[in-house]
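Hi,

Here is the structure I promised to pass on. Have a look at it first, and then read my notes below.

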Amino acid sequence: MPPYQPSSDWQYEIPTAGSKKLPPAARYVESLTHQGYGFEAAIADLVDNSIDAGARNVVISFLRDEDRLVSLLVVDDGRGMNDDTLDTAMTVGGRQEYEENALGHFGAGLKAASLSHADSLTVISRTKRSPSTGRRWLTARAQADFTCDIVDPGYCQDLVDRYDGLIEWHGTIVRWDKVRAFDTVTAGQADRYLNDAIEKLETHLGLHLHRFLADGAFNIDIVVEDVTTKEELDHRGVEPIDPFGYRVPGRAGYPRTYTAPVEGVGDVALTAHIWQPKSPLVSFRGIGPLAERQGFYIYRNNRLVQAGGWNSTRSAEGHLALARIAIDLPSEANDVFSLTVKKDGVTVTPAFARGLEQATDAAGHTFGEYVQEAQTTYREAAKRVTEVTRDAVIPAGKGLDPKLRRTLRDELPELEGEEPITFRWASLAPDLFFELDRDVREIRLNKLYRTAFNGGRRGGLNDAPVVKSMLYLMVEEIFQKSRVRATRADKIALWNSVLVTAARCEMTR
């Protein structure tokens, strides 16, 4: 190249004098551990990888050794990886080509999400045509010299065999050890921590992946597993939480679809909804503060990547609590919409705001009119006589089907900070159908009568949903009382007598 000639003119092209390779320093790994991933967002990133791998089932397993939490696993039945593709997946900055409809975007999710929470990341995988193989990152070694361990093939196969009910011919296991949050759980607090963590994880996954979960072809289960006995101590299926899942819209004529002409992108469809005022549904009130959940719900390849917010086009306000708008990002790359690395938000350029100002629906209604009608709906509801409210209850916990727990949360306000009421089958006297342990918030059912409710099938943790839900509604109030009065004790005796007789009748039919 010709030598640089000094000039007083502006240099539109930067002169260069050669090039050199500057590989990343090993400390680059340390930056991955400080990406600001929340726990739920990190797990969601791993589940995204499972979906991209064609998985139909994902199990998130918290491994517990008595009162100690030891590991977390994400197991899927996707197509799996061989040695070469696993090396690429575990390489920091490894190049990966994504399909057009893939949820993966930057290629850093597995490492950044995992190392943000665990000091040891192990990935074990197998395909139809290749044996089980594994790699492990230890944060300390990776920071020193990018050294990644090759997991012993025998152990890889042993771990795959442990989950052979899910991984048959192909699948992947992501294992976190030395999880920093687990180390903060003090003695006697494992149950409380797990209940809170799983509730938040259920909500996050149910919301951000609700379109995948709703079609029935994809399932996520969250389990707590005894690491020694392999017994399931808790098992919850993640249910979809549709942020537009109202029964009746809050205003006639909605939802409406507006078209916004956005420079640099083209026409962008905005599906505008107005919620029912004062809705008790979890999909309205149970996904976060209403001020944060109004506004735009932005999807990329059917995955929710932003749950509310106005993207600087207006400020959040109480009168807009009923306004939610669904937007599907265009598949083509553009300079208007930019997804964050953690897939928890979208930044937009001023072109989007200009497009909103011009957005109309097929009948000529403007987007600005929609905003006014959402505000009017809220104000009109505030003037009406207060609707009938239901008394708050102690939440239902383990032993009740997740769908039932979700319905109960939809229908009944919950008392804050209360330990949930759980269900367990136990050995009781033949004349008892159930007993209450108010100290540990437990309803114990007599396992003598379990077969009456399972149709000959082996019982599971969440079996007998009808009888359990009825018992919960009957006795929940008793758990709130400081002591059981004689009239309530008599009611419990009456219910036991009737239910024992009914169960015996059922068993003799």
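In what order do the strands of the open sheet of five strands come? The order is β9-β10-β13-β11-β12, and the pairing is mixed. Before you go further, keep in mind that this is a predicted model.

At the edges of that sheet you'll find β9 (256-262) and β12 (303-307). Each has a single partner strand, so one side of each is left without a neighbour in the sheet. From one strand to the next, the twist averages 30 degrees.

On to another sheet. This one is open too, with three strands in the order β16-β18-β17 and mixed pairing. Here β16 (422-426) and β17 (434-437) take the edges; each has a single partner strand, so one side of each lacks a neighbour in the sheet. Neighbouring strands are turned by 25 degrees against each other on average, direction ignored.

Strands β17 and β18 (residues 442-446) run antiparallel and are joined by four bridges. In this part of the model, Phe-434 stands opposite Leu-445 in β18. A helix goes with this sheet as well: α14 (residues 465-480) lies across β16, β17 and β18, running at about 135 degrees to β18.

Last stop is helix α6 (residues 153-162). Which of the residues of α6 are buried? They are Cys-156, Leu-159 and Val-160. Seen down the axis of α6, these buried residues fall within an arc of 100 degrees, so they line one face of the helix. What covers them includes the strands β3 (118-126), β4 (133-138) and β6 (171-179).

Cheers

How values were computed: Residues numbered from 1 in each chain as written. Predicted model: local features only at pLDDT ≥ 70, side-chain atom pairs only at ≥ 80, totals over all residues. Heavy atoms only, no water. Pairing = 2+ DSSP bridges. Helix = DSSP H or I, 4+ residues; strand = E, 2+ residues; numbered from the N terminus. Axes fitted to C-alpha atoms, helices over the stretch in contact; angles between N-to-C directions. Contact = heavy atoms within 4.5 Å. Buried < 20%, exposed > 50% of the residue type's maximum accessible area, 1.4 Å probe, protein only. Arc of directions from axis to C-beta.
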